Amino acid sequence: MGDRVRRGRAALTASGAVTMVLGLAACGAPPWAQGGGEPTPSPTTPSASAVPVPTPVSNDLSSGSTQKKVTAGAIAATVNYWSTLSMDRWTASALKPVSISMVTTVTPDDGQKVYLQRATMTAVPGNATQSFAPLAPQVDQSNPPGYLVLSPYSYSQTFNVGEVPAEATFVTLQFTYEFLLQTTPTSSEFAKQTASDTLTVAIAPSPGG
């Protein structure tokens, strides 16, 4: 009788254990196997703001000098431009010299002479967004008929670019050359021809600016 009671209790205990395990399984994963709350997002690194890169300013005198060729009718002029002031000192407030040297040829060459009657330089400061008022033109004018510029004779002159606005990053130099060409080698009559040329020179930042 006692053995039957003990076997009955053991069977009841085992059945209860099975029921408990099934109950836990029916409730899903146990708490220790579950994550704590919402998934943690992976940290992201915000992209750095793009820093605008200033557009380089073109500079025809970056090497210290440049040579240009201009034509006016039958006249071909070779013009050398340079500055005795280094480019890092071409600041807005500085007096900025520009020198020119010119020689011409004429085609066909029948022996007539070529004279430079007038040379004009106008400086126009500007930056990437605007142009400023031009500086007063500088003029070199000769008595008639002008300076003989037919090779091997040449013309040399220095103009000066004065103070420009502090916001200027470059200055455009506009040159106009007015020539007189003899109609024949012995004639006192002349034909007028005009040529133009342009240089762009960068304005250097002021020290401490």
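**Overview: the whole chain.** Helices (H or I, at least four residues) and strands (E, at least two) are DSSP runs, numbered from the N terminus. By that count the protein has one helix and nine strands, in the order α-β-β-β-β-β-β-β-β-β from the N terminus. This is a predicted model, in which local features need pLDDT of at least 70 and side-chain atom pairs count only at pLDDT 80 or more, while totals for chains, interfaces and linings use all residues. Residues are numbered from 1 along each chain as its sequence is written, and side-chain values use heavy atoms, with hydrogens and water left out. Of the 209 residues, 33% are buried (buried: under 20% relative accessible area; exposed: over 50%; partly exposed: in between; 1.4 Å probe, protein chains only). Contacts are heavy atoms within 4.5 Å; among those between residues at least 6 apart in sequence, 66% join residues at least 24 apart.

**View 1: the largest nonpolar core.** A nonpolar core is a set of buried Ala, Val, Leu, Ile, Met, Phe, Trp, Tyr and Cys residues joined through side-chain atoms within 4.5 Å. The largest one here has 38 residues, and Trp90, Val161, Leu173, Phe175, Tyr177 and Phe179 touch the most other members. Elements giving two or more residues to this core include β1 (65-72), β2 (75-82), β7 (155-161) and β9 (190-202). Strand β8 gives the most, with six residues. Take a look around Val161: leaving aside neighbours within four places in sequence, its contacts include Trp90, Leu95, Val98, Met121, Leu135 and Leu173.

**View 2: Ile100 and Ser99, side by side in strand β3.** Ile100 lies in strand β3 (residues 96-106), and Ser99 is found in strand β3 too. Ile100 is buried, with a relative accessible area of 0%, and Ser99 counts as buried at 6%. Beyond four places in sequence, Ile100 is in contact with Val79, Tyr81, Tyr155, Phe159, Phe175 and Tyr177, among others. For Ser99, with the residues up to four places away not counted, the partners are Asn80, Tyr81, Trp82, Gln157 and Thr158. The side chains of Ser99 and Thr158 also make a polar contact of 2.8 Å (a pair of N or O atoms within 3.5 Å; within protein, one must be able to donate a hydrogen and the other to accept it, and residues adjacent in sequence count only if both atoms are side-chain atoms).

View 3: Rings of Phe, Tyr and Trp (its six-membered ring) pair if their centres lie within 6.5 Å; planes under 30 degrees apart count as stacked, over 60 as edge-to-face and the rest as tilted. The whole structure holds five such pairs. Tyr81 and Phe175 form a tilted one, 4.9 Å centre to centre with 45° between the planes. Tyr81 is in strand β2 and Phe175 in strand β8, so this pair ties together parts that are 94 residues apart in sequence. Tyr115 and Phe190 pair edge-to-face, at 5.9 Å and 80°, linking strands β4 and β9. Here Tyr115 is buried at 14%, whereas Phe190 is partly exposed at 31%. Tyr81, Phe159, Phe175 and Tyr177 form one aromatic cluster.

View 4: Most peptide bonds are trans. A cis bond joins Thr107 and Pro108, with omega about -5°, and Pro108 sits in the loop between β3 and β4. Another cis bond joins Ser151 and Pro152, with omega about 15°; Pro152 is in the loop between β6 (147-148) and β7.
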